Amino acid sequence: MLSYLKSRRDYFIILGIVLLCVFPLFKMEFSTDTYKAYTIGLGGVAKTMFLNGRYVTGLFALAFYNMNASIESFYYVSFVLSFILMSLAVYALFTVLRDNMSKRLSLFISFISVFNVCAIEYFLFIEKGAFCFSILMAILALKYFVLFLQGKKNYLFLSFPCLILSSITYQIIPGIFITLALPFIIKYSKSVRTF
């Protein structure tokens, strides 16, 4: 157990930093989405998410609705999921980058790419856990795509499902995949044709 924890030390450092940044937000925030959830209920939230193409978020809300859970429990479970998933996303990107640059620089770039000032806004919304799940899936898609570019062909089949999950959770997030994948495409392209 101790050797496992030592090997995951970087993840626990990332989790600690994310917690320090978001813990002050661990209270009900009445953004427009949270207020709307109170007015239409979790069943209405699920229906709205399904209509907007956010199927994973809709399933999450529907599960809470079927358990007769309160909006507050949905909010706080979403919050706990958000900081765990966000720290996993930063860590996943860190593991991709650290093979290509120094550990400190890869950690810094991972944070500014995934958990930056703009991303803190996600923590104000009721579906914060879904936002962070979508980010994690986009980063995992990148990780598998980079392995594919390195010659491990089977990993492409893992990249696509992650990207699809990201897209059906929150449509705009997969854009991070394109931005982060481009430098690796350039790096691993041997010619203009392979690019």
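A residue is called buried when its relative accessible area is under 20%, exposed when that value is over 50%, and partly exposed in between. The structure described here is a predicted model. The protein has 9 helices and 0 strands, and 43% of its 195 residues count as buried.

**Overall layout**
- Read along the sequence, the pattern is α-α-α-α-α-α-α-α-α.
- Take the contacts between residues at least 6 apart in sequence: 70% of them join residues at least 24 apart.

**Aromatic rings and a charge**
- The structure holds 13 aromatic pairs. One of them is formed by F60 and F64, whose ring centres are 5.1 Å apart, with 65° between the planes, an edge-to-face arrangement.
- Both residues of that pair, F60 and F64, belong to helix α4 (residues 55-66), where they are 4 residues apart, about one turn of the helix.
- An α-helix has 3.6 residues a turn, so residues three or four places apart point the same way.
- F60 has a relative accessibility of 22% and therefore counts as partly exposed. F64 counts as buried because its relative accessibility is 9%.
- Y11, F12, Y91 and F94 are linked into a cluster by ring pairs.
- The ring of Y75 has the charged end of K128 sitting over it, 3.5 Å from the ring centre.

**Helix α2**
- Helix α2 covers residues 9-22, which is 14 residues. From its first C-alpha to its last it reaches 20 Å, close to the 20 Å expected at 1.5 Å a residue.
- D10, Y11, I14, L15, V18 and V22 are buried in α2. They cover an arc of only 135° around the axis, so they are on the same side of α2.
- The partners against which the buried residues of α2 pack are α5 (71-97) and α6 (103-114).

**Helix α8**
- The 12 residues of α8 should span 16 Å at 1.5 Å a residue, and the 17 Å between its end C-alpha atoms agrees with this.
- L156, S159, C162 and S166 are the buried residues of α8. Seen down the helix axis, they fall within an arc of 120°, which means that they line one face of α8.
- F157 and I164 are exposed on the other side of α8.
- The cover over the buried residues of α8 includes α7 and α9.
- L163 also has its place in helix α8. Leaving aside neighbours within four places in sequence, L163 is in contact with M137, A141, P174 and F177.
- L163 and G175 are 12 residues apart along the chain, and their C-alpha atoms are separated by 9.8 Å.

**Nonpolar cores**
- The largest nonpolar core has 45 residues, and V114, I139 and L142 are those with the most contacts inside it.
- At least two residues of this core come from each of α2, α5, α6, α7 (128-149), α8 (156-167) and α9 (175-188). Helix α7 gives the most, with 15 residues.
- L142 is in contact with L93, F177, L180, A181 and F184, leaving aside its neighbours within four places in sequence.
- Another core, of 11 residues, lies apart from the largest one. Among its residues are A46, F64, I71 and F74.

Definitions and conventions. Residues numbered from 1 in each chain as written. Predicted model: local features only at pLDDT ≥ 70, side-chain atom pairs only at ≥ 80, totals over all residues. Heavy atoms only, no water. Phe/Tyr/Trp six-rings, centres within 6.5 Å; stacked < 30°, edge-to-face > 60°. Buried < 20%, exposed > 50% of the residue type's maximum accessible area, 1.4 Å probe, protein only. Lys NZ or Arg CZ within 6 Å of the ring centre and 35° of its normal. Expected span 1.5 Å × (residues − 1). Arc of directions from axis to C-beta. Contact = heavy atoms within 4.5 Å. Core = buried A, V, L, I, M, F, W, Y, C linked by side-chain atoms within 4.5 Å.
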